[in-house]
Amino acid sequence: MKKIKVAIADDHKALRLGLIYAFSEYKDIKIAFEAVDGEELLIKLKSTPVDVILLDINMPKMDGLEALKIIRATNKTVKIIVYTMYALESKVLDCMDAIANSYLVKNSEPEEVYRAIKECMEHGYYFNDFVKNSLANRVVHKNKLDPNESKPLVEFDEREMQILKMIYEQKTTLQIAGLLTLGDRLVESIRSTLLKKTNSKNVVGLINYCNRNKIFDEE
(Lines give C-alpha, C1' and ligand atoms only; values in the text may rest on other atoms or scores of the structure.)
Protein backbone atom coordinates (compact mmCIF):
# COMPACT_ATOMS: atom_id res chain seq x y z
CA MET A 1 0.00 0.00 0.00
CA LYS A 2 1.38 3.37 -1.02
CA LYS A 3 1.11 5.74 1.90
CA ILE A 4 0.06 9.39 1.65
CA LYS A 5 2.91 11.53 2.94
CA VAL A 6 1.61 14.35 5.12
CA ALA A 7 3.35 17.41 6.58
CA ILE A 8 1.88 19.28 9.55
CA ALA A 9 2.69 22.98 9.88
CA ASP A 10 1.41 24.43 13.14
CA ASP A 11 3.10 26.26 16.01
CA HIS A 12 1.09 24.42 18.68
CA LYS A 13 2.91 21.24 19.67
CA ALA A 14 -0.12 19.73 21.39
CA LEU A 15 -2.18 20.01 18.20
CA ARG A 16 0.56 18.42 16.11
CA LEU A 17 0.86 15.55 18.55
CA GLY A 18 -2.92 15.14 18.57
CA LEU A 19 -3.04 14.87 14.78
CA ILE A 20 -0.14 12.42 14.73
CA TYR A 21 -1.92 10.25 17.27
CA ALA A 22 -5.21 10.43 15.35
CA PHE A 23 -3.54 9.50 12.05
CA SER A 24 -1.79 6.52 13.63
CA GLU A 25 -5.08 4.66 13.18
CA TYR A 26 -4.90 5.02 9.40
CA LYS A 27 -2.47 2.66 7.69
CA ASP A 28 -2.39 4.72 4.49
CA ILE A 29 -1.14 7.92 6.18
CA LYS A 30 2.50 8.70 6.97
CA ILE A 31 3.56 11.87 8.79
CA ALA A 32 6.63 12.98 6.84
CA PHE A 33 7.58 15.90 9.07
CA GLU A 34 6.36 18.69 11.35
CA ALA A 35 7.02 22.43 11.08
CA VAL A 36 6.41 25.18 13.62
CA ASP A 37 6.06 28.02 11.09
CA GLY A 38 5.98 28.81 7.39
CA GLU A 39 9.73 29.28 7.10
CA GLU A 40 10.52 25.86 8.54
CA LEU A 41 7.88 24.33 6.29
CA LEU A 42 9.48 25.77 3.15
CA ILE A 43 12.95 24.63 4.24
CA LYS A 44 11.84 21.05 4.96
CA LEU A 45 9.83 20.80 1.73
CA LYS A 46 13.03 21.28 -0.27
CA SER A 47 14.46 18.01 1.03
CA THR A 48 11.28 16.10 1.88
CA PRO A 49 8.51 16.25 -0.72
CA VAL A 50 5.03 15.40 0.54
CA ASP A 51 1.60 14.71 -0.92
CA VAL A 52 -0.46 16.79 1.53
CA ILE A 53 0.23 19.73 3.82
CA LEU A 54 -1.96 20.53 6.83
CA LEU A 55 -1.33 24.23 7.17
CA ASP A 56 -2.23 26.56 10.02
CA ILE A 57 -2.77 30.24 9.15
CA ASN A 58 -1.61 32.02 12.30
CA MET A 59 2.06 31.12 12.83
CA PRO A 60 5.18 33.11 13.81
CA LYS A 61 7.88 34.24 11.35
CA MET A 62 5.79 33.37 8.29
CA ASP A 63 2.05 32.75 8.43
CA GLY A 64 0.26 30.02 6.56
CA LEU A 65 -1.28 32.19 3.86
CA GLU A 66 2.10 33.62 2.86
CA ALA A 67 3.61 30.13 2.84
CA LEU A 68 0.69 28.88 0.73
CA LYS A 69 1.30 31.56 -1.89
CA ILE A 70 5.03 30.84 -2.02
CA ILE A 71 4.47 27.10 -2.39
CA ARG A 72 1.89 27.58 -5.12
CA ALA A 73 4.29 29.75 -7.13
CA THR A 74 6.36 26.65 -7.90
CA ASN A 75 4.26 23.65 -6.89
CA LYS A 76 0.75 23.16 -8.25
CA THR A 77 0.39 19.50 -7.37
CA VAL A 78 0.90 19.24 -3.60
CA LYS A 79 -2.45 19.25 -1.81
CA ILE A 80 -2.74 22.02 0.78
CA ILE A 81 -5.42 21.78 3.46
CA VAL A 82 -5.72 24.92 5.54
CA TYR A 83 -6.36 23.83 9.13
CA THR A 84 -7.14 26.82 11.30
CA MET A 85 -9.09 28.21 14.23
CA TYR A 86 -10.61 30.93 12.02
CA ALA A 87 -14.19 30.14 11.01
CA LEU A 88 -14.30 33.29 8.89
CA GLU A 89 -15.62 33.60 5.37
CA SER A 90 -12.94 36.17 4.51
CA LYS A 91 -10.20 33.71 5.47
CA VAL A 92 -11.80 30.97 3.37
CA LEU A 93 -11.89 33.22 0.33
CA ASP A 94 -8.28 34.37 0.80
CA CYS A 95 -7.12 30.76 0.97
CA MET A 96 -9.21 29.65 -2.00
CA ASP A 97 -7.81 32.54 -4.03
CA ALA A 98 -4.34 31.29 -3.12
CA ILE A 99 -5.36 27.84 -4.45
CA ALA A 100 -5.81 25.85 -1.27
CA ASN A 101 -7.41 22.44 -1.82
CA SER A 102 -9.48 22.51 1.34
CA TYR A 103 -10.26 24.60 4.42
CA LEU A 104 -11.03 23.07 7.80
CA VAL A 105 -11.65 24.62 11.19
CA LYS A 106 -9.76 23.03 14.06
CA ASN A 107 -12.90 21.77 15.77
CA SER A 108 -13.31 19.33 12.87
CA GLU A 109 -13.37 15.69 13.87
CA PRO A 110 -10.27 13.61 12.95
CA GLU A 111 -12.47 11.59 10.61
CA GLU A 112 -13.23 14.71 8.57
CA VAL A 113 -9.56 15.66 8.40
CA TYR A 114 -8.79 12.17 7.10
CA ARG A 115 -11.66 12.40 4.62
CA ALA A 116 -10.34 15.76 3.40
CA ILE A 117 -6.91 14.24 2.81
CA LYS A 118 -8.37 11.33 0.87
CA GLU A 119 -10.74 13.50 -1.18
CA CYS A 120 -7.97 15.96 -2.05
CA MET A 121 -5.74 13.11 -3.19
CA GLU A 122 -8.49 11.48 -5.24
CA HIS A 123 -9.88 14.47 -7.07
CA GLY A 124 -8.12 17.58 -5.91
CA TYR A 125 -10.38 19.22 -3.34
CA TYR A 126 -12.63 18.82 -0.32
CA PHE A 127 -15.23 21.48 0.46
CA ASN A 128 -17.57 21.09 3.42
CA ASP A 129 -20.79 23.10 3.71
CA PHE A 130 -19.04 26.03 5.37
CA VAL A 131 -16.64 26.45 2.46
CA LYS A 132 -19.36 25.90 -0.16
CA ASN A 133 -21.52 28.60 1.44
CA SER A 134 -18.59 31.00 1.62
CA LEU A 135 -17.86 30.55 -2.08
CA ALA A 136 -21.53 30.87 -2.98
CA ASN A 137 -21.91 34.05 -0.93
CA ARG A 138 -19.04 35.66 -2.80
CA VAL A 139 -20.63 34.85 -6.15
CA VAL A 140 -23.96 36.25 -5.00
CA HIS A 141 -22.34 39.41 -3.68
CA LYS A 142 -20.13 39.88 -6.74
CA ASN A 143 -23.04 39.61 -9.14
CA LYS A 144 -25.46 41.44 -6.83
CA LEU A 145 -27.86 38.54 -7.04
CA ASP A 146 -30.80 37.93 -4.76
CA PRO A 147 -30.35 34.27 -3.75
CA ASN A 148 -34.11 34.03 -3.16
CA GLU A 149 -34.73 34.83 -6.80
CA SER A 150 -31.86 32.91 -8.38
CA LYS A 151 -32.94 30.24 -10.82
CA PRO A 152 -30.99 27.83 -12.99
CA LEU A 153 -29.98 29.57 -16.19
CA VAL A 154 -29.78 26.40 -18.26
CA GLU A 155 -31.57 23.09 -18.48
CA PHE A 156 -29.96 19.71 -17.86
CA ASP A 157 -31.10 16.35 -19.13
CA GLU A 158 -31.60 13.49 -16.68
CA ARG A 159 -28.08 12.08 -17.07
CA GLU A 160 -26.45 15.49 -16.73
CA MET A 161 -28.44 16.17 -13.56
CA GLN A 162 -27.39 12.81 -12.10
CA ILE A 163 -23.73 13.54 -12.69
CA LEU A 164 -24.01 17.16 -11.57
CA LYS A 165 -25.46 16.00 -8.25
CA MET A 166 -22.66 13.48 -7.78
CA ILE A 167 -20.04 16.12 -8.54
CA TYR A 168 -21.76 18.39 -6.00
CA GLU A 169 -21.49 15.51 -3.50
CA GLN A 170 -17.74 15.41 -4.26
CA LYS A 171 -17.70 12.00 -5.89
CA THR A 172 -14.78 11.18 -8.17
CA THR A 173 -15.03 10.29 -11.84
CA LEU A 174 -14.35 6.64 -11.00
CA GLN A 175 -17.05 6.63 -8.32
CA ILE A 176 -19.59 8.21 -10.66
CA ALA A 177 -18.73 5.78 -13.46
CA GLY A 178 -19.15 2.84 -11.10
CA LEU A 179 -22.44 4.01 -9.62
CA LEU A 180 -24.00 4.76 -13.00
CA THR A 181 -22.31 1.92 -14.89
CA LEU A 182 -20.72 4.31 -17.36
CA GLY A 183 -17.27 4.58 -18.90
CA ASP A 184 -14.79 7.03 -17.39
CA ARG A 185 -14.48 8.91 -20.67
CA LEU A 186 -18.24 9.38 -20.92
CA VAL A 187 -18.38 10.79 -17.40
CA GLU A 188 -15.54 13.18 -18.23
CA SER A 189 -17.31 14.19 -21.44
CA ILE A 190 -20.54 14.98 -19.58
CA ARG A 191 -18.59 16.91 -16.95
CA SER A 192 -17.06 19.01 -19.74
CA THR A 193 -20.56 19.65 -21.06
CA LEU A 194 -21.69 20.78 -17.59
CA LEU A 195 -18.75 23.17 -17.37
CA LYS A 196 -19.67 24.70 -20.72
CA LYS A 197 -23.39 24.94 -19.93
CA THR A 198 -22.78 26.67 -16.60
CA ASN A 199 -19.88 28.77 -17.89
CA SER A 200 -17.70 27.28 -15.15
CA LYS A 201 -13.94 26.92 -15.34
CA ASN A 202 -13.65 24.00 -12.94
CA VAL A 203 -15.43 21.91 -10.31
CA VAL A 204 -15.44 24.83 -7.88
CA GLY A 205 -17.42 26.78 -10.45
CA LEU A 206 -19.95 23.95 -10.73
CA ILE A 207 -20.39 23.86 -6.97
CA ASN A 208 -20.83 27.63 -6.93
CA TYR A 209 -23.46 27.32 -9.67
CA CYS A 210 -25.41 24.70 -7.71
CA ASN A 211 -25.27 26.74 -4.51
CA ARG A 212 -26.14 30.02 -6.22
CA ASN A 213 -29.18 28.52 -7.91
CA LYS A 214 -30.15 26.26 -4.98
CA ILE A 215 -30.40 23.31 -7.34
CA PHE A 216 -30.24 20.66 -4.65
CA ASP A 217 -31.45 22.61 -1.62
CA GLU A 218 -34.92 21.09 -1.62
CA GLU A 219 -33.80 17.46 -1.80
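Let's start with the neighbours of Lys91: leaving aside residues up to four places away in sequence, Lys91 touches Ile57, Tyr86 and Tyr103. Keep in mind as you look around that this is a predicted model. Lys91 itself sits in helix H4, which covers residues 89-97. Is this lysine buried, exposed or in between? Lys91 has a relative accessible area of 27%, and because buried means under 20% and exposed means over 50%, Lys91 counts as partly exposed.

Helix H5 is our next stop. This helix spans residues 110-123, and Glu119 is part of it. Which residues does Glu119 touch, once those up to four places away in sequence are set aside? They are Gly124, Tyr125, Tyr126 and Gln170. Glu119 is buried, yet it has no salt bridge. The nearest side chain of opposite charge belongs to Arg115, at 4.2 Å. A salt bridge needs a side-chain nitrogen of Lys or Arg within 4 Å of a carboxyl oxygen of Asp or Glu.

Finally, find Lys3, in the segment before strand S1 (4-9). With a relative accessible area of 43%, Lys3 is partly exposed.

How values were computed. Residues are numbered from 1 along each chain as its sequence is written. This is a predicted model: local features need pLDDT of at least 70, side-chain atom pairs count only at pLDDT 80 or more; totals for chains, interfaces and linings use all residues. Side-chain values use heavy atoms; hydrogens and water are left out. Helices (H or I, at least four residues) and strands (E, at least two) are DSSP runs, numbered from the N terminus. Buried means under 20% relative accessible area, exposed over 50%, partly exposed in between (1.4 Å probe, protein chains only). Contact means heavy atoms within 4.5 Å. Lys and Arg count as positive and Asp and Glu as negative; His and the chain ends are not counted.
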